[in-house]
Amino acid sequence: MKPPDFEYARPATVADAVSLLASAGGDAKVLAGGQSLVPLLNFRLAAPSLLVDVNRVDGLAHLTVDGSTLRIGATTRMRVLELDPLVRDLVPVLAAAARWVGHVQIRNRGTVGGSVAHADPAAEVPAVCLLLDAELVATGPSGERRIPARDFFAGFLTTTLAEDELLTEIRIPAQTARRWGFREYAQRRGDFALAGAATTVGIDAAGRIDEARIVVFGTSDRPIRARSAEAALAGAEPSADGLDAAATAAADEAAADDPRPDAAYRRVLTRTMVRRALEDAFGGSSDGHGEVR
Amino acid sequence: MPVAPIEVRMTVNGVERRAAVPPRLLLSDFLRHELGLTGTHVGCEHGVCGACTVLLDGAAVRSCLLFAVQAEGADVRTVESLTGPNDELTAIPAAFRDEHGLQCGFCTPGIMMSLAALEGDAPVEHEALVDAIGGHLCRCTGYRNIVRAAERAIGVAAGTGEEARDG
(Lines give C-alpha, C1' and ligand atoms only; values in the text may rest on other atoms or scores of the structure.)
Protein backbone atom coordinates (compact mmCIF):
# COMPACT_ATOMS: atom_id res chain seq x y z
CA MET A 1 0.00 0.00 0.00
CA LYS A 2 2.82 2.40 -0.78
CA PRO A 3 2.96 4.35 -4.03
CA PRO A 4 5.53 3.42 -6.66
CA ASP A 5 8.50 5.70 -7.23
CA PHE A 6 7.88 8.81 -9.31
CA GLU A 7 9.62 12.05 -10.15
CA TYR A 8 7.94 15.09 -8.61
CA ALA A 9 7.65 18.59 -10.02
CA ARG A 10 5.98 21.62 -8.51
CA PRO A 11 5.59 24.23 -11.26
CA ALA A 12 4.56 27.79 -10.46
CA THR A 13 2.90 28.61 -13.77
CA VAL A 14 0.40 27.00 -16.12
CA ALA A 15 2.98 27.19 -18.94
CA ASP A 16 5.55 25.28 -16.88
CA ALA A 17 2.98 22.67 -15.88
CA VAL A 18 1.98 22.14 -19.51
CA SER A 19 5.56 21.82 -20.72
CA LEU A 20 6.26 19.27 -17.96
CA LEU A 21 3.21 17.27 -19.07
CA ALA A 22 4.30 17.50 -22.71
CA SER A 23 7.88 16.46 -21.93
CA ALA A 24 6.73 13.27 -20.19
CA GLY A 25 5.12 11.94 -23.37
CA GLY A 26 1.92 10.76 -21.73
CA ASP A 27 3.58 9.20 -18.70
CA ALA A 28 2.85 12.10 -16.32
CA LYS A 29 -0.13 12.66 -14.05
CA VAL A 30 -1.44 15.95 -12.70
CA LEU A 31 -1.52 15.97 -8.90
CA ALA A 32 -4.22 18.36 -7.65
CA GLY A 33 -6.02 17.47 -4.41
CA GLY A 34 -4.85 13.88 -4.73
CA GLN A 35 -8.00 12.45 -3.16
CA SER A 36 -8.57 10.09 -6.10
CA LEU A 37 -5.07 9.90 -7.57
CA VAL A 38 -3.18 9.02 -4.39
CA PRO A 39 -5.42 6.02 -3.58
CA LEU A 40 -4.81 4.81 -7.16
CA LEU A 41 -1.06 5.20 -6.57
CA ASN A 42 -1.21 3.52 -3.15
CA PHE A 43 -3.03 0.58 -4.74
CA ARG A 44 -0.54 0.70 -7.61
CA LEU A 45 -3.35 0.93 -10.12
CA ALA A 46 -1.43 3.87 -11.57
CA ALA A 47 2.35 4.21 -11.90
CA PRO A 48 3.21 7.46 -13.69
CA SER A 49 6.88 8.37 -14.02
CA LEU A 50 6.19 12.00 -13.15
CA LEU A 51 3.69 13.78 -10.90
CA VAL A 52 3.08 17.42 -11.77
CA ASP A 53 1.83 19.02 -8.55
CA VAL A 54 -0.37 21.98 -9.57
CA ASN A 55 -1.31 23.02 -6.04
CA ARG A 56 1.05 26.00 -6.16
CA VAL A 57 0.44 27.10 -9.73
CA ASP A 58 -0.39 30.80 -9.74
CA GLY A 59 -3.94 31.87 -10.53
CA LEU A 60 -5.67 28.49 -10.44
CA ALA A 61 -7.63 28.82 -7.18
CA HIS A 62 -9.93 31.73 -8.02
CA LEU A 63 -13.68 31.96 -7.64
CA THR A 64 -15.05 34.95 -9.52
CA VAL A 65 -18.11 36.15 -11.39
CA ASP A 66 -17.86 37.23 -15.00
CA GLY A 67 -21.22 38.57 -16.17
CA SER A 68 -23.59 35.70 -15.45
CA THR A 69 -20.87 33.05 -15.34
CA LEU A 70 -19.19 31.64 -12.28
CA ARG A 71 -15.49 31.07 -13.00
CA ILE A 72 -13.95 28.45 -10.76
CA GLY A 73 -10.21 27.92 -10.81
CA ALA A 74 -9.30 24.27 -11.17
CA THR A 75 -7.51 23.99 -7.80
CA THR A 76 -10.39 25.52 -5.84
CA ARG A 77 -11.06 23.15 -2.96
CA MET A 78 -14.38 21.34 -2.73
CA ARG A 79 -14.86 22.81 0.75
CA VAL A 80 -14.78 26.30 -0.76
CA LEU A 81 -17.37 25.29 -3.35
CA GLU A 82 -19.58 24.00 -0.54
CA LEU A 83 -19.36 27.08 1.68
CA ASP A 84 -18.72 30.14 -0.53
CA PRO A 85 -21.75 32.47 -0.61
CA LEU A 86 -21.09 33.28 -4.28
CA VAL A 87 -21.67 29.65 -5.26
CA ARG A 88 -24.77 29.38 -3.08
CA ASP A 89 -26.23 32.54 -4.62
CA LEU A 90 -25.44 31.91 -8.28
CA VAL A 91 -25.44 28.12 -8.59
CA PRO A 92 -27.13 26.70 -5.48
CA VAL A 93 -27.39 23.22 -7.01
CA LEU A 94 -23.58 23.15 -7.23
CA ALA A 95 -23.11 24.13 -3.58
CA ALA A 96 -25.57 21.40 -2.62
CA ALA A 97 -23.76 18.85 -4.80
CA ALA A 98 -20.43 19.72 -3.18
CA ARG A 99 -21.78 18.70 0.24
CA TRP A 100 -22.09 15.13 -1.04
CA VAL A 101 -18.46 14.83 -2.09
CA GLY A 102 -16.70 12.41 0.31
CA HIS A 103 -16.22 13.79 3.80
CA VAL A 104 -15.14 17.17 5.16
CA GLN A 105 -11.55 15.92 5.35
CA ILE A 106 -11.68 14.95 1.67
CA ARG A 107 -13.36 18.22 0.64
CA ASN A 108 -10.68 20.23 2.46
CA ARG A 109 -8.16 18.87 0.01
CA GLY A 110 -10.02 17.67 -3.09
CA THR A 111 -10.28 20.15 -5.94
CA VAL A 112 -13.04 21.05 -8.36
CA GLY A 113 -10.78 20.56 -11.37
CA GLY A 114 -9.54 17.25 -10.03
CA SER A 115 -13.06 15.88 -9.79
CA VAL A 116 -13.89 17.04 -13.31
CA ALA A 117 -10.68 15.72 -14.87
CA HIS A 118 -10.89 12.40 -12.99
CA ALA A 119 -14.41 11.90 -14.43
CA ASP A 120 -15.69 9.29 -12.03
CA PRO A 121 -19.17 8.39 -13.29
CA ALA A 122 -20.55 8.72 -9.74
CA ALA A 123 -18.98 12.13 -9.11
CA GLU A 124 -21.17 15.09 -8.27
CA VAL A 125 -19.40 18.06 -9.89
CA PRO A 126 -19.26 16.52 -13.40
CA ALA A 127 -23.01 15.89 -13.13
CA VAL A 128 -23.66 19.56 -12.36
CA CYS A 129 -21.29 20.64 -15.16
CA LEU A 130 -23.38 18.64 -17.61
CA LEU A 131 -26.65 19.86 -16.08
CA LEU A 132 -25.81 23.55 -16.52
CA ASP A 133 -23.79 23.38 -19.76
CA ALA A 134 -20.52 24.33 -18.11
CA GLU A 135 -17.42 25.02 -20.17
CA LEU A 136 -14.15 23.40 -19.22
CA VAL A 137 -11.10 25.51 -19.98
CA ALA A 138 -7.86 23.70 -20.77
CA THR A 139 -4.39 24.89 -21.69
CA GLY A 140 -2.06 22.84 -23.84
CA PRO A 141 1.17 23.49 -25.75
CA SER A 142 -0.75 25.24 -28.55
CA GLY A 143 -2.86 27.43 -26.28
CA GLU A 144 -6.20 27.50 -24.56
CA ARG A 145 -9.45 25.86 -25.61
CA ARG A 146 -12.91 25.67 -24.10
CA ILE A 147 -14.73 22.38 -24.10
CA PRO A 148 -18.49 22.15 -23.52
CA ALA A 149 -19.28 19.68 -20.73
CA ARG A 150 -21.29 17.52 -23.14
CA ASP A 151 -18.12 16.95 -25.20
CA PHE A 152 -15.82 16.51 -22.21
CA PHE A 153 -16.89 13.35 -20.40
CA ALA A 154 -15.99 10.49 -22.70
CA GLY A 155 -16.46 7.41 -20.55
CA PHE A 156 -15.33 5.72 -17.35
CA LEU A 157 -12.55 7.91 -15.87
CA THR A 158 -12.03 9.27 -19.38
CA THR A 159 -12.24 12.79 -20.77
CA THR A 160 -11.39 14.46 -24.04
CA LEU A 161 -8.47 16.31 -22.42
CA ALA A 162 -5.18 15.57 -24.18
CA GLU A 163 -2.28 14.18 -22.16
CA ASP A 164 -0.43 17.47 -22.42
CA GLU A 165 -3.42 19.64 -21.52
CA LEU A 166 -4.10 21.07 -18.07
CA LEU A 167 -7.65 21.83 -16.95
CA THR A 168 -7.45 25.38 -15.61
CA GLU A 169 -11.00 26.60 -15.09
CA ILE A 170 -14.62 25.53 -14.87
CA ARG A 171 -17.11 28.11 -16.16
CA ILE A 172 -20.64 27.50 -14.98
CA PRO A 173 -23.53 29.73 -16.05
CA ALA A 174 -25.54 31.08 -13.11
CA GLN A 175 -28.78 29.16 -12.68
CA THR A 176 -31.59 30.84 -14.58
CA ALA A 177 -34.08 28.20 -13.52
CA ARG A 178 -34.07 28.89 -9.81
CA ARG A 179 -35.80 25.73 -8.65
CA TRP A 180 -33.44 22.84 -8.17
CA GLY A 181 -32.92 19.51 -6.53
CA PHE A 182 -29.93 17.26 -5.86
CA ARG A 183 -30.20 13.75 -4.52
CA GLU A 184 -27.99 10.73 -4.32
CA TYR A 185 -27.98 7.39 -2.58
CA ALA A 186 -24.85 5.75 -1.17
CA GLN A 187 -24.59 2.84 1.23
CA ARG A 188 -22.57 4.85 3.75
CA ARG A 189 -22.20 8.56 4.22
CA GLY A 190 -19.40 9.78 1.98
CA ASP A 191 -19.31 6.73 -0.28
CA PHE A 192 -19.67 6.94 -4.03
CA ALA A 193 -23.28 7.18 -5.10
CA LEU A 194 -25.02 4.09 -6.42
CA ALA A 195 -27.34 6.49 -8.21
CA GLY A 196 -27.96 10.21 -8.13
CA ALA A 197 -29.93 12.95 -9.84
CA ALA A 198 -29.56 16.69 -10.28
CA THR A 199 -32.26 18.94 -11.67
CA THR A 200 -33.10 22.57 -12.30
CA VAL A 201 -36.60 23.67 -13.17
CA GLY A 202 -38.08 26.98 -14.26
CA ILE A 203 -41.76 27.86 -14.02
CA ASP A 204 -43.42 30.62 -16.08
CA ALA A 205 -45.98 33.17 -14.94
CA ALA A 206 -48.82 30.79 -15.81
CA GLY A 207 -47.39 28.10 -13.56
CA ARG A 208 -46.16 25.89 -16.41
CA ILE A 209 -42.72 24.32 -16.59
CA ASP A 210 -40.75 26.40 -19.08
CA GLU A 211 -37.43 24.64 -18.61
CA ALA A 212 -36.50 21.37 -17.02
CA ARG A 213 -33.06 19.84 -16.91
CA ILE A 214 -32.27 16.47 -15.41
CA VAL A 215 -28.92 14.70 -15.10
CA VAL A 216 -28.51 11.19 -13.75
CA PHE A 217 -25.14 9.99 -12.46
CA GLY A 218 -23.62 6.83 -11.05
CA THR A 219 -25.54 4.51 -13.36
CA SER A 220 -23.55 4.65 -16.57
CA ASP A 221 -19.94 5.24 -17.59
CA ARG A 222 -20.53 9.01 -17.40
CA PRO A 223 -23.26 11.44 -16.27
CA ILE A 224 -26.28 11.35 -18.57
CA ARG A 225 -28.70 14.12 -19.49
CA ALA A 226 -32.21 12.66 -19.37
CA ARG A 227 -33.58 14.44 -22.45
CA SER A 228 -36.78 12.47 -22.87
CA ALA A 229 -37.74 13.11 -19.25
CA GLU A 230 -37.00 16.80 -19.74
CA ALA A 231 -39.15 16.88 -22.86
CA ALA A 232 -42.01 15.20 -21.01
CA LEU A 233 -41.99 17.94 -18.38
CA ALA A 234 -41.55 20.96 -20.65
CA GLY A 235 -44.73 22.98 -21.05
CA ALA A 236 -46.67 20.91 -18.53
CA GLU A 237 -48.19 22.00 -15.28
CA PRO A 238 -46.40 20.29 -12.38
CA SER A 239 -48.33 17.23 -11.19
CA ALA A 240 -47.55 14.11 -9.21
CA ASP A 241 -48.30 11.93 -12.26
CA GLY A 242 -46.06 14.10 -14.40
CA LEU A 243 -43.14 13.79 -11.97
CA ASP A 244 -43.67 10.01 -11.79
CA ALA A 245 -43.60 9.73 -15.57
CA ALA A 246 -40.50 11.90 -15.84
CA ALA A 247 -38.68 9.88 -13.19
CA THR A 248 -39.51 6.63 -14.98
CA ALA A 249 -38.41 8.09 -18.31
CA ALA A 250 -35.13 9.30 -16.80
CA ALA A 251 -34.40 5.89 -15.30
CA ASP A 252 -35.22 4.14 -18.60
CA GLU A 253 -32.98 6.52 -20.47
CA ALA A 254 -30.02 6.86 -18.14
CA ALA A 255 -29.80 3.54 -16.35
CA ALA A 256 -30.56 1.36 -19.35
CA ASP A 257 -26.95 0.53 -20.19
CA ASP A 258 -25.74 -0.09 -16.64
CA PRO A 259 -23.44 -3.09 -17.07
CA ARG A 260 -22.86 -3.80 -13.40
CA PRO A 261 -24.61 -6.27 -11.11
CA ASP A 262 -27.84 -5.10 -9.57
CA ALA A 263 -28.70 -2.99 -12.61
CA ALA A 264 -32.39 -3.51 -11.83
CA TYR A 265 -31.88 -2.18 -8.31
CA ARG A 266 -29.96 0.81 -9.59
CA ARG A 267 -32.73 1.53 -12.04
CA VAL A 268 -35.24 1.67 -9.17
CA LEU A 269 -32.84 3.86 -7.18
CA THR A 270 -32.39 6.15 -10.17
CA ARG A 271 -36.11 6.56 -10.57
CA THR A 272 -36.45 7.37 -6.86
CA MET A 273 -33.57 9.85 -6.86
CA VAL A 274 -34.98 11.69 -9.91
CA ARG A 275 -38.44 11.74 -8.35
CA ARG A 276 -37.12 13.14 -5.07
CA ALA A 277 -34.89 15.71 -6.80
CA LEU A 278 -37.93 16.91 -8.77
CA GLU A 279 -40.04 16.99 -5.60
CA ASP A 280 -37.36 19.12 -3.97
CA ALA A 281 -37.37 21.46 -6.95
CA PHE A 282 -41.12 21.87 -6.97
CA GLY A 283 -41.75 21.56 -3.27
CA GLY A 284 -39.30 24.11 -1.93
CA SER A 285 -39.31 27.86 -2.09
CA SER A 286 -38.77 29.56 -5.42
CA ASP A 287 -35.07 29.51 -4.74
CA GLY A 288 -34.12 26.03 -3.78
CA HIS A 289 -35.45 23.37 -1.54
CA GLY A 290 -35.60 22.32 2.06
CA GLU A 291 -33.43 19.40 2.84
CA VAL A 292 -29.95 18.92 1.46
CA ARG A 293 -29.45 15.65 3.29
CA MET B 1 17.36 3.94 -10.19
CA PRO B 2 15.50 5.38 -7.20
CA VAL B 3 14.30 8.94 -7.45
CA ALA B 4 16.55 11.46 -5.71
CA PRO B 5 15.29 12.78 -2.35
CA ILE B 6 13.82 16.27 -2.17
CA GLU B 7 14.43 18.73 0.66
CA VAL B 8 11.29 19.57 2.62
CA ARG B 9 10.74 21.95 5.50
CA MET B 10 7.60 22.15 7.59
CA THR B 11 6.46 22.97 11.10
CA VAL B 12 5.12 20.00 13.04
CA ASN B 13 3.43 20.71 16.36
CA GLY B 14 5.25 24.02 16.54
CA VAL B 15 8.71 22.59 15.82
CA GLU B 16 10.46 23.29 12.52
CA ARG B 17 11.50 20.09 10.78
CA ARG B 18 13.74 19.61 7.78
CA ALA B 19 14.43 16.41 5.91
CA ALA B 20 15.35 15.02 2.52
CA VAL B 21 12.60 12.63 1.49
CA PRO B 22 11.74 10.57 -1.57
CA PRO B 23 8.72 12.13 -3.34
CA ARG B 24 6.66 8.98 -2.86
CA LEU B 25 6.89 9.18 0.96
CA LEU B 26 3.41 9.73 2.37
CA LEU B 27 3.02 12.44 4.99
CA SER B 28 1.64 9.78 7.38
CA ASP B 29 4.82 7.73 7.01
CA PHE B 30 6.99 10.81 7.32
CA LEU B 31 5.35 11.67 10.64
CA ARG B 32 5.57 8.12 11.98
CA HIS B 33 8.85 6.83 10.61
CA GLU B 34 10.98 9.94 10.16
CA LEU B 35 9.76 11.98 13.13
CA GLY B 36 8.68 9.15 15.42
CA LEU B 37 5.24 10.69 15.93
CA THR B 38 3.36 7.40 16.02
CA GLY B 39 0.17 8.90 17.42
CA THR B 40 -0.99 9.37 13.82
CA HIS B 41 -2.38 5.95 12.92
CA VAL B 42 -2.49 4.35 9.50
CA GLY B 43 -5.52 2.25 8.73
CA CYS B 44 -6.69 1.89 5.15
CA GLU B 45 -4.13 4.01 3.30
CA HIS B 46 -6.70 5.11 0.75
CA GLY B 47 -8.53 7.90 2.50
CA VAL B 48 -11.56 6.01 3.75
CA CYS B 49 -10.98 5.24 7.44
CA GLY B 50 -9.80 8.62 8.75
CA ALA B 51 -7.30 7.24 11.28
CA CYS B 52 -4.41 9.26 9.80
CA THR B 53 -6.19 12.63 9.89
CA VAL B 54 -3.96 15.57 10.81
CA LEU B 55 -4.28 19.34 10.51
CA LEU B 56 -2.57 20.95 7.53
CA ASP B 57 -2.59 24.73 7.98
CA GLY B 58 -5.57 24.28 10.29
CA ALA B 59 -7.69 22.06 8.02
CA ALA B 60 -8.34 18.38 8.76
CA VAL B 61 -6.85 16.24 5.98
CA ARG B 62 -5.87 12.63 5.37
CA SER B 63 -2.12 12.35 5.81
CA CYS B 64 -2.12 9.09 3.78
CA LEU B 65 -3.30 11.03 0.71
CA LEU B 66 -0.57 13.66 0.86
CA PHE B 67 3.09 13.32 0.07
CA ALA B 68 5.49 14.76 2.61
CA VAL B 69 6.99 16.99 -0.11
CA GLN B 70 3.60 18.64 -0.54
CA ALA B 71 3.69 19.91 3.05
CA GLU B 72 6.61 22.22 2.18
CA GLY B 73 6.21 25.36 4.29
CA ALA B 74 3.04 24.07 5.94
CA ASP B 75 1.97 24.03 9.55
CA VAL B 76 1.15 20.44 10.50
CA ARG B 77 -0.52 19.41 13.75
CA THR B 78 -0.83 15.85 14.99
CA VAL B 79 -2.52 14.24 17.98
CA GLU B 80 0.69 14.72 19.96
CA SER B 81 -0.21 18.42 20.08
CA LEU B 82 -3.26 17.65 22.22
CA THR B 83 -1.32 17.37 25.45
CA GLY B 84 -0.53 20.30 27.72
CA PRO B 85 2.95 21.45 28.84
CA ASN B 86 3.04 18.90 31.67
CA ASP B 87 1.67 16.04 29.55
CA GLU B 88 -1.82 16.62 30.90
CA LEU B 89 -4.81 15.96 28.65
CA THR B 90 -6.31 18.96 26.92
CA ALA B 91 -10.06 19.40 26.43
CA ILE B 92 -10.54 16.99 23.53
CA PRO B 93 -8.77 13.88 24.90
CA ALA B 94 -10.13 14.61 28.39
CA ALA B 95 -13.66 14.56 26.98
CA PHE B 96 -12.98 11.23 25.25
CA ARG B 97 -11.84 9.79 28.58
CA ASP B 98 -14.81 11.21 30.49
CA GLU B 99 -17.43 10.11 27.95
CA HIS B 100 -15.85 6.73 27.17
CA GLY B 101 -15.36 7.90 23.60
CA LEU B 102 -12.82 5.20 22.82
CA GLN B 103 -12.26 1.51 23.29
CA CYS B 104 -9.30 0.14 21.30
CA GLY B 105 -8.21 3.68 20.44
CA PHE B 106 -7.04 3.02 16.90
CA CYS B 107 -9.39 5.54 15.26
CA THR B 108 -9.21 8.05 18.12
CA PRO B 109 -6.26 10.24 17.05
CA GLY B 110 -7.83 10.95 13.68
CA ILE B 111 -11.21 11.79 15.17
CA MET B 112 -9.63 14.08 17.73
CA MET B 113 -7.76 15.98 15.01
CA SER B 114 -10.96 16.46 12.99
CA LEU B 115 -12.49 17.91 16.15
CA ALA B 116 -9.40 20.04 16.79
CA ALA B 117 -10.11 21.72 13.44
CA LEU B 118 -13.44 22.88 14.86
CA GLU B 119 -12.09 24.24 18.16
CA GLY B 120 -11.81 27.81 16.91
CA ASP B 121 -15.44 27.81 15.72
CA ALA B 122 -16.98 26.61 19.01
CA PRO B 123 -19.79 26.25 19.82
CA VAL B 124 -20.77 24.53 16.59
CA GLU B 125 -24.00 23.01 15.32
CA HIS B 126 -24.51 19.36 16.18
CA GLU B 127 -24.56 18.70 12.42
CA ALA B 128 -21.01 20.03 12.03
CA LEU B 129 -19.79 17.58 14.64
CA VAL B 130 -21.57 14.71 12.90
CA ASP B 131 -20.08 15.87 9.60
CA ALA B 132 -16.59 15.80 11.11
CA ILE B 133 -17.06 12.39 12.75
CA GLY B 134 -18.75 11.02 9.61
CA GLY B 135 -15.34 10.93 7.97
CA HIS B 136 -14.04 8.35 10.45
CA LEU B 137 -14.60 4.65 10.90
CA CYS B 138 -14.78 3.23 14.42
CA ARG B 139 -15.33 -0.51 14.86
CA CYS B 140 -15.74 -0.49 18.67
CA THR B 141 -17.91 2.24 20.06
CA GLY B 142 -21.01 2.53 17.89
CA TYR B 143 -20.19 6.27 17.72
CA ARG B 144 -22.65 7.47 20.36
CA ASN B 145 -20.00 8.08 22.99
CA ILE B 146 -17.76 9.72 20.41
CA VAL B 147 -20.52 12.20 19.60
CA ARG B 148 -21.01 12.89 23.31
CA ALA B 149 -17.27 13.40 23.78
CA ALA B 150 -17.24 15.74 20.78
CA GLU B 151 -20.12 17.77 22.19
CA ARG B 152 -18.39 18.03 25.56
CA ALA B 153 -15.05 19.00 24.09
CA ILE B 154 -16.14 21.48 21.42
CA GLY B 155 -19.44 22.78 22.75
CA VAL B 156 -22.58 22.51 20.73
CA ALA B 157 -24.91 25.33 19.75
CA ALA B 158 -28.06 25.55 21.88
CA GLY B 159 -30.91 23.30 20.78
CA THR B 160 -28.90 21.28 18.26
CA GLY B 161 -27.25 18.70 20.54
CA GLU B 162 -27.71 15.05 21.44
CA GLU B 163 -29.73 16.04 24.48
CA ALA B 164 -32.25 17.86 22.32
CA ARG B 165 -32.44 14.90 19.95
CA ASP B 166 -32.58 12.19 22.61
CA GLY B 167 -35.24 14.06 24.64
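Predicted model: local features only at pLDDT ≥ 70, side-chain atom pairs only at ≥ 80, totals over all residues.
# A pocket, an interface and some local features

The second largest pocket of this structure has a volume of about 350 Å³.

Which element gives the largest share of the lining? That is α4(B), with 4 residues. Sorted by class, the residues around the second largest pocket are 9 nonpolar, 4 polar and 8 charged.

The contact between the two chains comes next. It involves 34 residues of chain A and 33 residues of chain B. The size of an interface is often given as the accessible area lost when the parts come together. Here chain A and chain B bury about 2700 Å² between them, and 52% of this lies on carbon and sulfur atoms. On the chain A side, Asp5(A), Gln105(A) and Arg109(A) lose the most area to chain B, together accounting for 22% of what that side buries.

Helix α3 of chain B runs over residues 108-116 and is mostly covered, with 9 of its 9 residues buried. Among them are Thr108(B), Pro109(B), Met112(B), Met113(B) and Leu115(B). Helix α5 of chain B spans residues 144-154, and its buried residues are Ile146(B), Val147(B), Ala149(B), Ala150(B), Glu151(B), Ala153(B) and Ile154(B). After α5(B) comes Gly155(B), which has a positive phi near 90 degrees.

Thr40(B) sits in the loop between α1 (27-34) and β3 (53-56) of chain B. Is Thr40(B) buried or exposed? Thr40(B) counts as buried because its relative accessible area is 3%, and the cut-off for buried is under 20%. Leaving aside residues up to four places away in sequence, Thr40(B) touches Leu31(B), Arg32(B), Cys52(B), Val54(B), Ser63(B), Thr78(B), Val79(B) and Glu80(B).

Another loop residue of chain B gives a contrasting case. Asp87(B) lies in the loop between β5 (75-77) and α2 (91-98) of chain B. With a relative accessible area of 63%, Asp87(B) is exposed, since exposed means over 50%. Asp87(B) and Asp98(B) are 11 residues apart along the chain, and 17 Å separates their C-alpha atoms.

For Cys49(B), the nearest cysteine sulfur is that of Cys44(B), 3.9 Å away, and Cys49(B) is in no disulfide. Cys49(B) counts as buried, because its relative accessibility is 13%. Cys104(B) is in no disulfide either; the nearest cysteine sulfur belongs to Cys140(B) and is 3.8 Å away. Cys104(B) has a relative accessibility of 59%, so it counts as exposed.

The backbone deserves a look as well. Most residues other than glycine have a negative phi, and most peptide bonds are trans. Where does a cis peptide bond occur? One joins Ala122(B) and Pro123(B), with omega about -5 degrees. Pro123(B) is placed in the loop between α3 and α4 of chain B.

Chain A has residues with a positive phi that are not glycine. Ala119(A) has a phi of about 60 degrees and is located in the loop between α7 (112-118) and α8 (124-131) of chain A. Ala119(A) is buried, as its relative accessible area is 3%. Asp133(A), also a residue other than glycine, has a positive phi near 55 degrees. Its place is the loop between α8 and β6 (135-140) of chain A. Asp133(A) counts as partly exposed because its relative accessibility is 34%.

Technical notes:
Residues numbered from 1 in each chain as written. Chains lettered and ligands numbered in written order. Heavy atoms only, no water. 1 Å grid on protein atoms, 1.4 Å probe; cavity = no way out; pocket = protein on both sides within 12 Å on 5 of 7 lines; lining within 4 Å. Points joined across faces, edges and corners; volume = space filled by probe spheres on them. Helix = DSSP H or I, 4+ residues; strand = E, 2+ residues; numbered from the N terminus. Nonpolar A, V, L, I, M, F, W, Y, C, P; charged D, E, K, R; others polar. Buried < 20%, exposed > 50% of the residue type's maximum accessible area, 1.4 Å probe, protein only. Disulfide = S-S within 2.5 Å. Contact = heavy atoms within 4.5 Å. Buried area = accessible area lost by both parts, 1.4 Å probe.
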